[in-house]
Amino acid sequence: MLVNSVLSSLPLAEGSTHAHTGEWVAAVLRSRIAEGQLLPGAKLSEQSLSTALGVSRNTLREAFAVLDNELIITRIPNRGVFVSSPGASGVKEIYGVRRVIEPAAVLWGPDLDVEALAAIVVDARAALAAGDIAQMADANQCFHEQLVRATGSERLQELMTRVLAQMRLVFHAMSDAPDFHSHYVELNASLVDLLVAGQREEAAGALRGYLDRAEAELLDHLGEGN
């Protein structure tokens, strides 16, 4: 999606409980990146964004500082602010976080919603049957977001939103490997089967192995595999 099209759909700060704050702006931009609406390398214009969001440039710069710290954007002197393109080190950091949070959510999360996970798998299979890579990627993101919701922790869910935004940028590097998303559809389905059977420990172990596999595949694609 073109940056101008994304800007036209951004919510104005007026009326928001977090109106005119850097945190609110960062959350909006992070969400658009996690949804794949802002792609790696996209330039983020201060003037256009401040107008579209109804915030000052100082507020926007506060948001940029937050996102820069999260490695979601990159500020290049004399050139501007751009959506990041994570490399091998970014992939390793992302998967290090995911291996801690997601299996723990599966194993101990008090709010695990297996029906919601199963419904996401149905959507992913439909996308696979239609050959819709973007929808498969969306379903995969939703699946892992739903897993972390099982913790019942708003802070962990906020962290996962940041991780998913970084993951979306990594997935863009796999645009020339459409099969990357397809084989994870059935791996997600297998996790659901284990959870339906009440085998949370087995599901957590399978998920950890799944994340190891995905990381290795991404690093290999980036030329950083062992």
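**Confidence first**

I am working with a predicted model, so I began with the confidence values. The protein chain has a mean pLDDT of 85, with 87% of its residues at 70 or more. Next I went through the elements of the chain. Helix H6 (residues 114-130) has the highest mean pLDDT, 95, whereas helix H1 (residues 3-8) has the lowest, 53.

Which way do H2 and H4 cross, and at what angle? I found that the axes of H2 (residues 22-34) and H4 (residues 57-69) come within 8 Å and cross at roughly 60 degrees. An angle of 65 to 115 degrees would count as roughly perpendicular, and this pair is therefore oblique instead. The crossing of H2 and H4 is right-handed.

I then listed who touches whom. From H2 come Gly22, Val25, Ala26, Leu29 and Arg30. H4 brings Thr59, Leu60, Glu62, Ala63, Phe64, Val66 and Leu67 to the contact. Sorting the residues of this contact by kind, I got eight nonpolar, two polar and two charged.

**A closer look at Val28**

Is Val28 buried or exposed? Its relative accessibility is 9%, and buried means under 20%, so Val28 counts as buried.

Last, I checked Val28 against Leu53, which lies 25 residues away along the chain. Their C-alpha atoms are separated by 9.3 Å.

Terms used:
Residues numbered from 1 in each chain as written. Predicted model: local features only at pLDDT ≥ 70, side-chain atom pairs only at ≥ 80, totals over all residues. Heavy atoms only, no water. Axes fitted to C-alpha atoms, helices over the stretch in contact; angles between N-to-C directions. Helix = DSSP H or I, 4+ residues; strand = E, 2+ residues; numbered from the N terminus. Parallel < 35°, antiparallel > 145°, perpendicular 65-115°, else oblique. Left-handed = near helix turned anticlockwise from the far one by under 90°. Contact = heavy atoms within 4.5 Å. Nonpolar A, V, L, I, M, F, W, Y, C, P; charged D, E, K, R; others polar. pLDDT = per-residue confidence, 0-100. Buried < 20%, exposed > 50% of the residue type's maximum accessible area, 1.4 Å probe, protein only.
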